[in-house]
Each structure stands twice: as structure tokens, then as C-alpha cells.
Amino acid sequence: MDLRREPIEAALGVRIREAVSLGGDRWMLTLADGERRIVQRYASADALANAEAALNRLRSEIDLPIPQIRRLEVADAAPNDSWALFTGVSGDPLARKLSQIADDALYQIGVRLGQVVYRIHRVAGGRYGALTDDDPGAADEERQYILARLEHDLANAIALNAMSHEEAADVRRALQAFIPPGRQAALLNGGLSPETLLVTQRDGRWTLGGILGWEHALSWCPAWEHATFLDACEGQRCFSLRVGYGNGYDKETQRTYEQVRESALRPYRTLLALRRAVEHARRGAHDAARRCVSVALRLVR
């Protein structure tokens with residue numbers, strides 16, 4: 001999607017010199033005075049409200065590469081579109097710079113990311129679930145929240161012919177036996193990936209310049225953040241990034257159930273594989289959906 005400059009310029013009250021797509025309906029703008037800003041188009045008002053809720057809770061974390069957000073009133077926007085302006089972050093998506101960054105630099109970016117994400121997780125999340133009030137599965141207790149997500153995704157997977165009733169029973173049985181060790185929900189970004197992490201060069205070194213993806217924010221446990229991030233960073237090229245992230249995060253906490261450990265991640269990886277199966281099945285990608293179901297079954301069997 002190309003950016004229509006005129007409505008954005010009107011909303012900002014300043015001329016745009018250049019607009020570069022960052023992917024994910026985000027653009028880096030260079031304004032007439034040389035200042036750089038990021039704008040993002042959201043497909044729904046709820047997605048923008050979720051991002052606003054997360055970043056408002058982080059307003060006091062001024063020493064972290066977390067953006068400030070400002071809602072934009074864009075004339076002639078599509079009926080469901082909402083727009084926001086981000087300030088306080090810089091750089092390009094890591095996905096576009098991976099080939100230029102050496103492994104040791106990737107490791108250091110991962111360490112810094114782990115430290116930053118730990119700080120984000122120190123913010124209490126409130127109820128388990130989305131940050132807005134429209135999450136029907138929201139709950140005060142994690143086990144209740146997990147089981148609500150589980151039943152919702154199992155029902156969809158069966159209805160979409162992605163899994164059988166017998167397979168669903170195996171997954172249900174395993175996760176019903178899981179007793180989450182945490183007692184308080186943490187604020188999660190929920191969308192960490194090479195596409196939502198900004199990197200920049202300072203004094204000749206690559207560093208973490210910003211974290212986007214806040215439309216996916218929710219209140220849950222750190223293990224969900226770890227599982228989704230590691231899933232988004234599959235592949236040998238991101239190996240150093242993953243190791244750095246785990247080491248950076250684990251150094252900050254003595255709570256083993258919060259650390260980046262396979263034993264702690266297994267139930268959440270199962271839930272993630274099930275959610276991915278449903279997403280693929282909805283798009284008609286049935287082979288991909290079956291691969292995700294196979295992952296979930298291996299994890300519980």
C-alpha cells in the first residue's frame with residue numbers, strides 16, 4: 001500500500017519530504033525540517049487503542065527504546081483505518097539489515113533486547129488478555145485464561161478441518177494438566193519480530209533503536225513473549241540474536257519460570273502452534289496448518 005501524503009501532511013501540519021515504507025503498514029517520514037517520524041496505519045480502532053494502552057503504561061520508562069504515540073486524525077481514511085504517529089525511536093527494521101550485521105553485533109542487539117523486554121515485563125498487566133475491554137477470554141487467573149484460549153482455538157481448528165477431535169483431545173488433556181507457576185500478569189509487547197525491531201548504527205556499532213508492534217500487546221506471562229519472539233526469529237541467521245536475547249533476559253531474573261528455558265516454554269509453544277494452525281487454516285493454507293498441528297502434538301505427546 002502506498003502512502004497518500006496529502007492527508008498525512010494535513011494531519012501533521014507539516015510537509016513530508018520523503019516517505020519510506022517499513023513494511024507492516026508503517027512508514028518512516030522525513031519532514032520538511034529534517035526530523036524523522038514513523039506513522040502506522042491500523043486496520044481497526046481496537047488495534048490502535050491496544051497500542052495506546054500499552055505505551056501509556058510505559059510512559060515513565062524514558063530510558064528505553066520505546067516510542068511515544070500520538071493518534072492522527074486523517075481525512076478521507078478508509079472506514080476501519082486508524083492512524084498514529086510514533087516519536088522517540090529510530091532506525092530500520094532488523095529484517096532489512098540482517099545481512100549487514102555480524103553475528104557478534106546481533107548477539108549484543110539480542111542482549112539489549114532481553115534487558116529491555118525484562119523491564120517491560122516488570123509493568124503489571126492487570127487482567128490476563130488484551131489491554132482493551134473487548135477480549136471475551138480475559139480472566140483474573142492465568143489457568144482460566146489459558147483454558148479459554150485453548151477451547152476457542154481447538155473449536156476453530158476442528159471447524160476448519162485442521163485437526164481431528166482425537167488430536168484436540170490429546171492437546172486438551174495435556175494443557176488441562178498444566179498449572180502455571182506465575183501469579184501476576186505482566187505487560188507484553190506480543191509482536192516482537194525482526195520486522196518490529198528497529199536497529200541503527202551509532203559510532204559505527206549496530207544497536208537497538210526502537211520497538212514497534214504494540215498493537216499485539218497483552219497481559220500474560222513472559223513465557224508467551226519468549227515463545228512468540230523465538231518463533232518469529234527461526235533460522236540460522238537469527239541464532240546469535242536468539243542466544244543474546246535469552247542471555248540478556250535470564251541475567252535479569254532469578255525466577256526460572258520467567259526465563260528463556262524450554263521446560264518453561266513448552267505449554268506456550270503448544271498454544272502458539274495451535275493458534276498458528278488456525279491462522280493458516282483460515283487463509284486456506286492447509287498444509288501449513290497441518291504442520292503446526294503436528295508441532296503441537298509432538299509437544300504434548
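1. A salt bridge is counted here where a side-chain nitrogen of Lys or Arg comes within 4 Å of a carboxyl oxygen of Asp or Glu, and by this rule the count comes to 21 salt bridges. The model is a predicted one, in which local features need pLDDT of at least 70 and side-chain atom pairs count only at pLDDT 80 or more, while totals for chains, interfaces and linings use all residues. Residues are numbered from 1 along each chain as its sequence is written, and side-chain values use heavy atoms, with hydrogens and water left out.

2. Among these salt bridges is that of Asp 103 with Arg 237, whose closest N and O atoms are 3.0 Å apart. Asp 103 lies in helix H4 and Arg 237 in the loop between H7 and H8, so the pair ties together parts that are 134 residues apart in sequence. Helices (H or I, at least four residues) and strands (E, at least two) are DSSP runs, numbered from the N terminus.

3. Asp 153 and Arg 275 also meet through their side chains in a salt bridge (2.7 Å, N to O); this pair links helix H5 (residues 142–159) with helix H9 (residues 262–282), the two residues being 122 apart. Asp 153 is buried, with a relative accessible area of 3%, whereas Arg 275 is partly exposed at 22%. Buried means under 20% relative accessible area, exposed over 50%, and partly exposed in between (1.4 Å probe, protein chains only).

4. The largest nonpolar core has 45 residues, and those with the most contacts inside it are Ile 211 and Trp 214. Such a core is a set of buried Ala, Val, Leu, Ile, Met, Phe, Trp, Tyr and Cys residues joined through side-chain atoms within 4.5 Å. Helix H4 gives the most to this core, with 8 residues. Apart from it lies another core, of 34 residues, among them Leu 150 and Leu 271.

5. The structure holds 0 disulfides, a disulfide being a pair of cysteine sulfur atoms within 2.5 Å. For Cys 233, the nearest cysteine sulfur, that of Cys 238, is 4.8 Å away, and Cys 233 is buried, with a relative accessible area of 0%.
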